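Take a first look at the chain shown below. Keep the sequence at hand while reading.

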Amino acid sequence: MTTMDRRLPKNIEIAPNSLSIVLKPTTVDKEKPPKTGRALFQDLQNENKLNFWNRELSESVLQLNYLGWFEPDTLFIQGGDKEMSVVREAYARRVLKPPRHHTIQILGDVEAIELTPVPQSQFVPLTEVLCLIIAELNKRKIIATVDKIKAKLADCYGDVKLPSEEILKKSLAHLIKEQKVCHTGEGYFIVTPEDFLYLRSCASSTTTSEVNVSPISQNSNQSGQSSEGQPRKTQKTVRHAVQISTEKGTHTRKKEPPSPRSKSCRLICHTGI
């Protein structure tokens with residue numbers, strides 16, 4: 001599938017004109033988990049909002065916005081020009097209170113973080129997308145029919161030229177051949193690692209047994225006897241063709257598939273004789 005031509009946006013500025021506060025814990029309580037960045041930001045506000053003698057600072061800290069947190073101890077905040085200026089001045093005058101059990105090591109301005117978008121290919125791998133859609137439908141316990149898959153394609157990839165139903169079915173058949181997807185007669189399902197390992201064990205397992213072989217020759221009759229009148233024993237390797245199915249008379253692998261999978265996937269592992 002190919003996408004329509006779209007122009008990439010230019011470099012994007014993230015969090016312009018923000019402040020960074022590098023903290024240092026004064027005590028470490030090993031029994032309690034460390035506080036999150038948002039919890040420390042709330043502590044910073046709570047510690048400074050009670051400065052009734054400095055109403056400008058107490059009001060400014062409440063107008064700040066929490067931007068994020070860098071491990072181990074760096075807090076990022078943002079606000080209006082006036083509020084940011086008040087916070088800078090309070091720190092410069094050493095009257096800005098830190099969060100509880102912390103000290104402020106550094107407070108400084110952060111230039112805008114520049115984001116350069118990564119271009120996406122105009123080609124969308126259909127088989128990969130089909131696996132993603134089938135897995136999502138399986139997860140939601142929705143039977144992945146061709147119609148449901150087509151509807152999900154249109155919903156998730158509206159900017160992509162959708163394949164025809166013939167191409168869609170050929171791609172699904174290719175996935176079945178590669179044992180990535182199976183079909184139960186009701187819908188498509190992703191082959192799990194458990195299923196795949198089982199099939200590999202089926203393909204690699206062989207049994208060697210003694211069987212009576214009656215070769216046809218000029219000196220033997222239809223009863224399978226040799227020229228001496230005795231059946232000939234030989235070694236023959238019999239390879240199994242294992243089928244996981246619910247049809248009567250075939251081997252059924254017992255497992256508990258997730259609902260709504262009512263039948264086991266027909267995954268045929270033929271090795272030949």
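## The chain as a whole

This is a predicted model. The chain has 273 residues, and 30% of them are buried. It holds 7 helices and 12 strands.

The accessible surface comes to about 18700 Å². Carbon and sulfur atoms account for 51% of that surface.

## An enclosed strand

Strand β4 covers residues 74–78. Of its 5 residues, 5 are buried, so β4 is largely enclosed by the rest of the structure. Buried here means under 20% relative accessible area.

## The partners of β4

Strand β2, residues 18–25, is joined to β4 by 4 bridges. These two strands run antiparallel. Strand β3, residues 65–70, is joined to β4 by 5 bridges. That pair is antiparallel too. β3 and β4 also form a hairpin, with 3 residues between them.

Which residues stand opposite F76? In β4, F76 has S20 opposite it. G68 also stands opposite F76.

## A nonpolar patch

Now to the surface. I12, I14, I113 and L115 form a nonpolar patch there. Together they have about 300 Å² of accessible area. Two elements give two or more residues each to this patch: β1 and β6. Strand β6 spans residues 113–115.

L115 lies in strand β6. Is L115 buried or partly exposed? Its relative accessibility is 34%, so L115 counts as partly exposed. The partly exposed class runs between the buried limit of 20% and the exposed limit of 50%.

N11 is partly exposed, with a relative accessible area of 44%.

What does N11 touch beyond residues up to four places away in sequence? The residues are E114, L115, T116 and P117. One of these, L115, is also part of the nonpolar patch.

Conventions: Residues are numbered from 1 along each chain as its sequence is written. This is a predicted model: local features need pLDDT of at least 70, side-chain atom pairs count only at pLDDT 80 or more; totals for chains, interfaces and linings use all residues. Side-chain values use heavy atoms; hydrogens and water are left out. Buried means under 20% relative accessible area, exposed over 50%, partly exposed in between (1.4 Å probe, protein chains only). Contact means heavy atoms within 4.5 Å. Accessible areas come from the Shrake-Rupley method with a 1.4 Å probe; for residues, only the protein chains shown count as cover. Patches are made of residues with over 30% relative accessible area and no salt bridge: like charges are joined within 9 Å, nonpolar side chains (Val, Leu, Ile, Met, Phe, Trp, Tyr) within 5 Å. A salt bridge is a side-chain nitrogen of Lys or Arg within 4 Å of a carboxyl oxygen of Asp or Glu. Two strands pair if DSSP finds at least two bridges between them.
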